[in-house]
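Q: Can you walk me through this one? I'd like to start with the interface and then look at a couple of residues.

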2 protein chains.
Amino acid sequence: MTNPILVEVSRGPKVESVHRGAIAVMDAQGKSVLSFGDTEAPVFPRSAVKAIQALPLIESGAADAYGFGDKELSLACSSHSGEDEHVAMARSMLKRAGFSEDMLECGGHWSTNHRTLLHQTTIYPINSTPPAVCNNCSGKHTGFVCTAAHTGVDPKGYIGRDHTIQKNINTVMQEVTGAAHDEDICGTDGCSIPTYAVPLSAMATGFARMATGVGLPPERATAAKRLLNACMNEPFYMAGTKRFCTEYMTLGAGRLFAKTGAEGVFCAAIPELGVGIALKVDDGTTRASEAMMAAVTARLLPADDPLQQGLARWTDKRMRNWNGLDVGRVTATLPL
Amino acid sequence: MTNPILVEVSRGPKVESVHRGAIAVMDAQGKSVLSFGDTEAPVFPRSAVKAIQALPLIESGAADAYGFGDKELSLACSSHSGEDEHVAMARSMLKRAGFSEDMLECGGHWSTNHRTLLHQTTIYPINSTPPAVCNNCSGKHTGFVCTAAHTGVDPKGYIGRDHTIQKNINTVMQEVTGAAHDEDICGTDGCSIPTYAVPLSAMATGFARMATGVGLPPERATAAKRLLNACMNEPFYMAGTKRFCTEYMTLGAGRLFAKTGAEGVFCAAIPELGVGIALKVDDGTTRASEAMMAAVTARLLPADDPLQQGLARWTDKRMRNWNGLDVGRVTATLPL
C-alpha cells in the first residue's frame with residue numbers, strides 16, 4: 001500500500017514538498033488505538049528503541065551496582081548531541097564500571113548539532129575526529145559496557161550480533177515487542193550494533209508495555225518504568241539543547257516519553273493513556289517525524305489539554321531563511 | 001497523480017526508505033524526450049535556475065565591463081560551499097563593480113559543508129555568524145549587484161520582487177522557460193529573492209534552449225552558451241570540493257551541465273543531445289535528487305559511453321557508518 005501524506009512543507013502560498021509515512025498507536029494488549037498507513041511492514045527501529053535495549057542494564061543489577069540515577073539512565077537511552085555534560089557523564093559511568101572510553105566501539109564523529117559542533121572546535125583539532133565518547137550513541141554503548149562489566153562478560157566486541165550483550169538484547173526486544181526477529185532482515189546501525197526490522201505496531205505495543213508494565217514480568221515492568229521515568233525526569237541527557245526529544249519531554253513534564261531514531265523513525269509512550277506510539281517517515285526525514293509525533297500526540301490528548309498549545313509549535317512549524325524571514329511552514333496533516 | 005518511487009535507500013538486505021519524484025527531459029522545441037511522474041505541476045525552481053538568472057549579467061554588458069571570465073561567471077551561477085576561493089572571488093567581483101560585500105542582501109550563514117564549516121571556525125568567532133559574502137548564494141547576489149552597478153540602477157533592495165533587477169529576471173525566466181509566472185505562486189527563497197513555481201517540463205525546456213541556443217534570440221543564445229561553458233570549465237566555482245555539481249561536471253568534461261536547488265530540485269543540460277533535464281524529489285531530499293540526476297543522465301547517454309562508469313558511483317552509492325562500515329546503499333530505481 002502507498003502510505004498517506006502526513007506532512008506538508010509549504011513555501012509562501014504553495015506546498016513545496018510532502019512526506020508520506022505510517023503511524024501506529026497501540027495499547028499493551030496489542031490492540032490498535034489509532035493507525036495511519038501500513039503499520040505491519042517491517043521497519044528498522046534504529047535508535048528509537050534504546051530504552052528497551054537499556055533494560056538489561058537495570059535487570060542485570062549493573063545500574064544499581066554503579067549507582068546510576070536518572071541522569072545516567074537517561075543517557076543510556078539517549079541519542080545525545082555530544083554536549084560537554086553528555087560526554088562527561090559517559091566517562092563517569094565507564095569509570096565507575098572500571099573501564100575507560102577506549103572500550104567504546106561506536107566510532108567517533110563531530111556533533112550533528114550545529115552549536116555543539118562549533119563548541120567542539122574549541123576542544124578538538126579541526127583536522128581530527130572527536131572520540132567515540134562524543135558519538136551520539138555513546139550513552140547506549142556505555143550502558144552495554146557497564147552491563148558486561150557487572151555480569152563478568154568481556155565487553156570486547158560487544159557490537160557483534162553474536163556477542164552475549166547483543167544476544168541478550170535480541171531476546172529482550174522480541175519479548176517486549178512480541179515480534180520475532182528475522183536474521184534475514186537484520187541491518188547494521190550507524191553505531192555498528194545490529195538492528196532487526198519489526199512492524200511499527202509491535203514497536204508501539206512494546207512502548208505501551210514499557211509505560212504500563214502490562215504484559216511484562218514484574219521485575220521488567222519496574223525496570224521499564226524506571227527507565228522511562230529517568231528519561232522524562234532528565235530529558236536533557238536523552239538528547240540535548242533545543243532537541244525535539246528534550247523539549248517534547250520537558251513540555252510533557254512526566255506525561256510524555258519519546259525517542260527519535262535515524263531515517264524518520266520515532267517511538268513514544270503516553271503512560272496515562274496506556275498507549276505506545278511508533279512511526280516512520282517513508283523518506284527518512286526528521287522534520288517530518290517530529291511534526292508527526294507532535295500531531296499524533298495532540299490527536300490522542302483531550303482537545304482542552306494544557307499540553308495542546310505547546311505541541312502546536314511543532315505541528316505547524318515556521319521555517320525562516322538566512323535573513324530570518326518567515327518563508328514557509330512544516331505542517332502535519334494527519335487525516336481525520 | 002502519485003509520483004513513482006525513483007530512489008531506494010537500503011540497509012543491509014532491506015529497503016529502509018524510499019524517495020518519490022518526477023523527472024522531465026525535454027528538447028528545445030518543448031518536446032518531451034523522457035518523463036517520469038507529474039512534470040506539469042508547478043515547482044519552485046529555487047537555485048537550480050541560477051544560470052538563467054545570470055543571463056542579464058552578460059546581456060547587460062556588465063560581465064565584459066568588469067572583465068569576468070569563466071571563474072566569475074561560474075560563481076554567479078553557483079550555490080557554493082563558502083570555501084576561501086569562493087568568498088575571495090565574490091569580494092573581487094564586487095570590488096571591480098565599485099561596491100563592497102556590505103551591499104549583499106542574502107544574509108550570512110555558516111557553511112553547510114562540514115569540512116568548510118570546520119575551516120571557517122579558524123576565521124570567524126564561533127559565537128558569530130559569517131558574513132553574507134559566505135552565503136552559498138553570494139555569487140548570484142554578486143552578479144545582481146554587478147548588473148545593477150553597470151546599468152546605473154541602485155542595487156539597494158535588489159532582492160525585492162518589484163526591484164528592476166528581479167523584474168528583469170522575472171521576464172528573462174518566462175522567456176527562456178516559456179512558462180508564465182503567476183504572482184499567486186511566488187515564494188521567497190532561502191537567500192530572500194522571489195522564486196516563481198513553474199512546471200519541470202518548462203525548466204527542462206529552458207535548459208535545452210540554454211544548451212543549444214534553439215528558440216533564443218542570437219545574443220541570448222551566445223550568453224547562455226557562455227554561462228554553461230563557464231560552469232563546465234570551472235565547476236569548482238559552481239559548488240565546491242566533493243560537491244555533486246562540481247564532480248558531475250568534472251566527470252562530464254564539457255559534456256554535462258547541472259545545477260542543484262533546495263528541496264530536491266535539480267536542473268541539467270546535455271548539449272550534445274540537445275536536451276534539458278529538470279527533476280524534483282517529492283520530499284525535498286538531496287541524496288535522492290543526486291541519484292536521480294546521475295541515473296537519468298546514464299539513461300540518456302549510450303550504454304557504452306565512457307561516462308557511464310563515473311555515473312555509476314552515484315546511481316548506486318554506498319553508505320558508510322561512523323566506523324566506516326558499509327551499511328547500506330542509495331540506489332536510483334528509474335522504471336524502464
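Q: What kind of model is it?
A: It is a predicted model.

Q: OK, how many residues of chain A are in contact with chain B?
A: 55 residues of chain A are, and they touch 55 residues of chain B.

Q: And how much area is buried between chain A and chain B?
A: About 4,000 Å². Carbon and sulfur atoms give 56% of that area.

Q: Which three residues supply more of chain A's share than any other three?
A: A:R11, A:K14 and A:W322, which supply 17% of the area that chain A buries against chain B.

Q: How many salt bridges across the interface?
A: The rule finds four between chain A and chain B. There is a salt bridge between the side chains of A:E16 and B:R46, with an N to O distance of 3.0 Å.

Q: What about polar contacts?
A: Between chain A and chain B, 34 residue pairs are in polar contact, counting pairs with both residues at pLDDT 80 or more.

Q: Which elements of chain A give two or more residues to that side?
A: β1 (5–11), β2 (14–27), β4 (42–43), α6 (114–120) and β5 (186–188). Of these, β2(A) gives the most, with six residues.

Q: And how do the residues on chain A's side divide by type?
A: Into 18 nonpolar, 23 polar and 14 charged.

Q: Back to A:K14. Where is it found?
A: A:K14 is in strand β2 of chain A.

Q: Is A:K14 buried or exposed?
A: A:K14 is buried, and it has no salt bridge. The nearest side chain of opposite charge is that of A:E16, 8.2 Å away.

Q: So what does the side chain of A:K14 have as a polar neighbour?
A: One polar atom of the A:K14 side chain lies 3.0 Å from the backbone oxygen of B:P42.

Q: What else does A:K14 touch?
A: Leaving out residues up to four places away in sequence, A:K14 touches A:V9 in its own chain, and B:P42, B:V43, B:F44, B:I185 and B:A197 in chain B.

Q: Change of topic: where is A:E234?
A: A:E234 sits in the loop between α10 (218–233) and α11 (244–252) of chain A.

Q: Which residues is A:E234 in contact with?
A: A:D70, A:K71 and A:S74, leaving aside neighbours within four places in sequence.

Q: And how far is A:E234 from A:A51?
A: Their C-alpha atoms are separated by 14 Å, and the two are 183 residues apart along the chain.

Technical notes: Residues numbered from 1 in each chain as written. Chains lettered and ligands numbered in written order. Predicted model: local features only at pLDDT ≥ 70, side-chain atom pairs only at ≥ 80, totals over all residues. Heavy atoms only, no water. Contact = heavy atoms within 4.5 Å. Buried area = accessible area lost by both parts, 1.4 Å probe. Polar contact = N/O pair within 3.5 Å; in protein donor to acceptor, adjacent residues only side chain to side chain. Helix = DSSP H or I, 4+ residues; strand = E, 2+ residues; numbered from the N terminus. Nonpolar A, V, L, I, M, F, W, Y, C, P; charged D, E, K, R; others polar. Buried < 20%, exposed > 50% of the residue type's maximum accessible area, 1.4 Å probe, protein only. Lys, Arg positive; Asp, Glu negative; His and termini not counted.
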